[in-house]
Amino acid sequence: IKHEVAQEVKRMRDEHSVKPRLFAVLVGDDDASAVYVRNKVRACADVGIESEQLDLPDSTTTKDLLAVVRKLNEDKDVDGILVQLPLPKHIDEAAIIEAVDPARDVDGFHPTNVGLLVMGRPRFVPCTPAGIIELLERNKIEIAGANACVVGRSQIVGRPVASLLLQRHATVTICHSRTRDLPSVTRQADILVAAIGRAGFIRRDFIKPGATVIDVGINKITDAAEARALFGDEAEKRIEAIARRGYTLVGDVHPVEADLVAGTRTPVPGGVGLLTVAVLMRNTLQAAKWRRGV
């Protein structure tokens, strides 16, 4: 995806003297959010998209952040606006999302863009769900007619990916914390998407033999004994990582148990997260093309 975006950005620059521009806003001092924004800015440089980052203190108010967003909406040189989530708890997140110009909402979170997606007329699709579909289609995983199960109902991943799967003619089930006998439901799925934020929660008894398992979770593990239970032969490497930096990463799927029954599984790290950033680049490119008429 990044290669395709880079080629199109070069064409726009050569033929129209236009270079897409993304503006990222980071509020507070959340380490994970800072890493995510840094990766997005680096990806912009890789594909030729101009980017700028504004770091705001944790004391920033909703009013302050709304003023920043309104100023960006008025800047004719900004094609994509990204306000990194989650925001500090005292900020009205919904108000900020709704304030972003829908034509520059490259995260795809504005209610207008959410509505278009649900109607089957997507403009900007949230990056992680779009990345999941790219992963399935490029690996020739049959979606039409498949039983698909999404564990998690967030507005960022669960609900939009369910809409995208449904639009591609899968039979879709959305599960959540109130689902009764969850393993018996997920075991029916040819395509299982785990997006619940619980380390190693999806175990072998949740998975249909031969199923495609998409692991969206990114969870920090700090305990060596837990790492040993999750990673099997890889445990010592993970324990070394914990000793070195204080944590290692695992998804929502138990990697050792899942691999005993799943046909294919996305790794964490190195799976869906990479596609999420690539789709953000593509959304920014598309925003620039629409806004600038090229």
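Mentor: Helices (H or I, at least four residues) and strands (E, at least two) are DSSP runs, numbered from the N terminus. The model is predicted, so local features need pLDDT of at least 70 and side-chain atom pairs pLDDT 80 or more, while totals for chains, interfaces and linings use all residues. Residues are numbered from 1 along each chain as its sequence is written, and side-chain values use heavy atoms, without hydrogens and water.

Trainee: Why are helix 1 and helix 2 called oblique to each other?

Mentor: Their axes, lines fitted to C-alpha atoms over the stretch in contact, with angles from 0 to 180 degrees between N-to-C directions, come within 8 Å and cross at roughly 55°. Angles under 35 degrees count as roughly parallel, over 145 as roughly antiparallel, 65 to 115 as roughly perpendicular and the rest as oblique; helix 1 and helix 2 are therefore oblique.

Trainee: Which residues make the contact?

Mentor: With contact meaning heavy atoms within 4.5 Å, Lys2, Val5, Ala6 and Val9 of helix 1 meet Ala43, Asp46 and Val47 of helix 2.

Trainee: How many aromatic pairs are there?

Mentor: Rings of Phe, Tyr and Trp (its six-membered ring) pair if their centres lie within 6.5 Å; planes under 30 degrees apart count as stacked, over 60 as edge-to-face and the rest as tilted. By this rule there are two aromatic pairs.

Trainee: What makes the pair of Phe124 and Trp290 tilted?

Mentor: The ring centres are 5.2 Å apart and the planes stand at 55°, so the pair is tilted. Phe124 lies in the loop between helix 5 and helix 6, and Trp290 in helix 12, so the pair ties together parts 166 residues apart in sequence.
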